[in-house]
Amino acid sequence: MTQRFAAMDASNTERWQQLDSAHHLHPFTDPKELKNNAVRIIESAQGIYLTDSDGKEYLDAMAGLWCVNMGYGRQEIIDAVSAQVQQLPYYNAFFKTSHPPAAELSALLSEVSPGYMNHTFFTSSGSEANDTVLRMVWRYWDILGKPEKRVVISRKNAYHGSTIAASSLGGMEDMHKQGGIIPNIVHVEQPYWFGKRCESGADLDAQQFGREVAQSIADKIEELGEGRVAAFIAEPIQGAGGVIVPPESYWPEVKKICAQYDILFVDDEVICGFGRTGHWFGSELYGLKPDLMPIAKGLASGYLPIGGVMVADRVADVLIDQGGEFNHGFTYSGHPVCAAAAIANIKLMQTENIVETVRESTAPYLQKRLRELSDHPLVGEVRGVGMLGAIELVEDKDNYVKFDKARGVGIICRNHCFENNLVMRAVGDTMILSPPLIMQQSDIDVFIERAWKSLDMTQQSLA
Ligand SMILES: *Cc1c(COP(=O)(O)O)cnc(C)c1O
């Protein structure tokens, strides 16, 4: 309380910084670093631009946190939310009841997804979606009389959320160190060619590497015994792990393995879904055939929290016809206002043909211009697909030598980006972008100019 009153005379920015520093614990942040008013207050946003409390404008190349796909300030979503909050702000789906937004949204999701995906279980986030995945996978095999099929195979550096189950499914070591890992989840190698190339110090054929990493899934199944393995879970492109675009050989090989063994394939579409790759879902980009698809982020462009698990007919038929009660759900499963936001968002995507525009025009232009950054002395690799990109910074690009982690080069670069009116995220020393899908070519030109300038300033800081 002393902080609160002490702050009353300060400028708005200082006041919010002081309140925040005194009372707000931030996700994935060292709280010590937020002392001394270090936090930046974002106060408003329009289109692809954020404005902070001092009036400084930033191009938001992260779409918030991979989610504001249709951009800020979209009147269609705002109107739908405000109408629904007046009509019916809340009701549940537990008591053999539903409401128009949940019914409409589940049908709309079935329309925009592959033909064999016709049911959705709603959650409020991607983490809850992956918790639901685990319960559903186990339930599925229980119903089929194979309760010993329990193990889920995931990948190192995967991100599937931050609840205990979701972080266990994820492959983030730092999270496991603090949160532990629940039984029956194992992790295999990720298809991160550039990282491996730097580590190995030798030439490394990307396609050969892709096949070997895929084979490690089959090896793990053999090691455990097929009778114990319930599912394999993966993001089509690892997002938070550093936008890891796998070598072309990877997914075809994984597909064969998933078909060869009787296991479920869980395709985490929380980032790749809703147009990010130039397709409605990342599974379409790689021709994957998922059994379960956790979704969230782009579903309502982040306007309100909503996620879900889309369920393929193969699994839905078992759960519905043979399962009995599924003892699982959330107070806010299918929340009417969040569902209304998602409906308005998806309809906006449809009327603006955003998926086609991304695939045919915006993404090819972004990817082309992004590759120009490869010429910068700090840039070891540029990779990306659709509206996802990564710029990996290295000490010696000719010899594939990464920076010493302790130098915090990614954070230095991120700070220069902020100075230059640009938001990019640093994952280690990799700069990540996942901009709103509504970006135009002229916006991409602005992005490249600011990114290049930030790289130059990073290089100067390191000298
Ligand atoms: C963000 C993310 C999640 C978790 O979603 P939350 O809404 O933050 O709980 C799960 N999977 C992937 C691939 C993600 O990127």
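In this predicted model, four strands, in the order β1-β2-β3-β13, make up an open sheet with mixed pairing. Strands here are DSSP runs of E of at least two residues and helices are runs of H or I of at least four, both numbered from the N terminus; two strands pair if DSSP finds at least two bridges between them. Because β1 (42-46) and β13 (422-423) each have a single partner strand, they stand at the edges, with one side left without a neighbour in the sheet. β1 and β2 (residues 49-52) run antiparallel and are joined by four bridges, with Ser 44 opposite Thr 51 in β2.

Oxygen atoms of the ligand lie 2.9 Å from a backbone N or O atom of Gly 126 and 2.5 Å from a side-chain N or O atom of Ser 127. A ligand nitrogen atom is 3.3 Å from a polar backbone atom of Tyr 159. Taken alone, the ligand exposes 380 Å², of which the protein buries 84% (accessible areas by the Shrake-Rupley method with a 1.4 Å probe).

Residues are numbered from 1 along each chain as its sequence is written, and side-chain values use heavy atoms, without hydrogens or water. Local features need pLDDT of at least 70 and side-chain atom pairs count only at pLDDT 80 or more, whereas totals for chains, interfaces and linings use all residues.

Methods. Polar contact = N/O pair within 3.5 Å; in protein donor to acceptor, adjacent residues only side chain to side chain.
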